[in-house]
Amino acid sequence: MKKIFIAFLGAMAFAVSVQAQKKSGAIQYQTSIDPVAMAEASGFPISEEMKARMPRSIKANYELLYNATNASFMPVVETEDSNGGGGQPNMGRMMMRFGGFGGGNKEYYYTFADQKVVEVFDLMDTTYVMPSKLSLNVVNPMMGRPNNASNQSTSAVQFLNVPPTIEVIKSDETKKIVNLNCNKVTIKTTRKATVLGMEKDITDETVLWYTNDLGFNFSPDPNLWTEGAVLAIEKKGGGMLATSIEYRGVSAKDVTAPKKAIAITPEQYQAKQAAMMARFRNNGNRQGGAMRVN
């Protein structure tokens with residue numbers, strides 16, 4: 001009986017040790033998108049000539065580092081595309097941002113206790129930090145873009161500048177991802193749009209696979225989260241999937257946002273982006289005018 005009791009204590013100690021090891025580690029993610037399908041699903045006009053030049057797929061790898069209290073999520077390699085593996089890195093980063101996957105070259109830092117997220121990125125040679133929280137915040141893909149006559153004439157689909165209707169559909173369906181038990185939830189989004197001049201409802205679905213086995217909340221896209229740690233995102237034209245997990249020690253500095261950066265609000269960020277796009281358009285117009293004169 002004494003030997004059995006000692007063996008039981010040993011098994012319990014081993015189980016506790018394994019659970020303690022799982023409190024920190026690294027999870028590798030891979031995104032894969034079809035640029036044409038992603039653009040068309042968002043109402044972005046694509047000509048046949050442009051489709052022929054665009055890669056059939058764009059892939060990028062990301063890494064989540066986490067410990068008991070914090071996490072960081074960032075790209076680990078250059079974006080690759082099916083036209084030659086990194087031959088069009090700017091296109092890859094643009095499409096990753098366009099599709100809402102990983103945020104291009106942005107870094108994200110998570111605090112588990114209050115579900116806060118800090119987004120770190122460079123804009124015009126300045127490093128900014130933008131705080132937010134894990135949430136479900138789906139916006140229209142074309143909101144914030146200029147809605148002028150030229151845009152109206154080049155796209156058959158124009159999303160109206162009104163908030164979409166969002167429905168969260170839980171499922172009993174489960175599966176294992178990196179050997180963790182995952183549950184399925186579907187985000188059904190209905191947007192108002194004009195299609196060839198007629199107002200219609202356009203419905204889209206995004207599937208999240210999340211696990212509660214890790215004991216913390218996380219999503220590679222902070223605006224696509226309902227509960228648990230999201231290990232896969234499936235949407236029209238692409239997706240993101242956790243491909244491996246390694247339980248190991250992670251230092252606090254690897255999951256802490258840099259302190260030497262300027263704080264910025266989402267409204268200020270949007271204003272800076274709009275100003276930057278306006279400058280690009282003006283420069284393009286001036287260059288185009290000079291070329292026509294010559």
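I took helices (H or I, at least four residues) and strands (E, at least two) as DSSP runs, numbered from the N terminus. On that basis I recorded six helices and 14 strands for the protein chain.

I note that this is a predicted model, in which local features need pLDDT of at least 70 and side-chain atom pairs count only at pLDDT 80 or more, while totals for chains, interfaces and linings use all residues. Residues are numbered from 1 along each chain as its sequence is written, and side-chain values use heavy atoms, with hydrogens and water left out.

Entry: the chain as a whole. I looked up burial (under 20% relative accessible area, with exposed over 50% and partly exposed in between; 1.4 Å probe, protein chains only). Buried residues account for 36% of the 294 residues in the protein chain. I then turned to contacts (heavy atoms within 4.5 Å). Of the contacts in the protein chain with a separation of 6 or more, 63% join residues 24 or more positions apart.

Entry: aromatic pairs. I paired rings of Phe, Tyr and Trp (its six-membered ring) if their centres lie within 6.5 Å, with planes under 30 degrees apart counted as stacked, over 60 as edge-to-face and the rest as tilted. The count by this rule is nine aromatic pairs. I examined Tyr29 and Phe73, an edge-to-face pair at 5.5 Å centre to centre with 85° between the planes. Tyr29 belongs to strand 1 (residues 25-33) and Phe73 to strand 3 (residues 70-75), so the pair ties together parts that are 44 residues apart in sequence. Both Tyr29 and Phe73 are buried. I also found a cluster in which ring pairs link Tyr29, Tyr62, Phe73, Tyr110 and Phe218.

Entry: nonpolar cores. I defined a core as a set of buried Ala, Val, Leu, Ile, Met, Phe, Trp, Tyr and Cys residues joined through side-chain atoms within 4.5 Å. The largest has 36 residues, of which Tyr29, Phe73, Tyr110 and Leu231 touch the most other members. Strands that each supply at least two residues of this core include strand 2 (58-66), strand 10 (180-195) and strand 12 (229-235). Strand 12 gives the most, with five residues. Another core, of seven residues, lies apart from it and has Leu123, Tyr128, Ile264 and Tyr269 among its members.

Entry: charges over rings. I required NZ of Lys or CZ of Arg within 6 Å of the ring centre and within 35 degrees of the ring normal. Lys106 places its charged end over the ring of Phe121, 5.3 Å from the centre. Lys175 lies over the face of Trp209, 4.5 Å from the ring centre.
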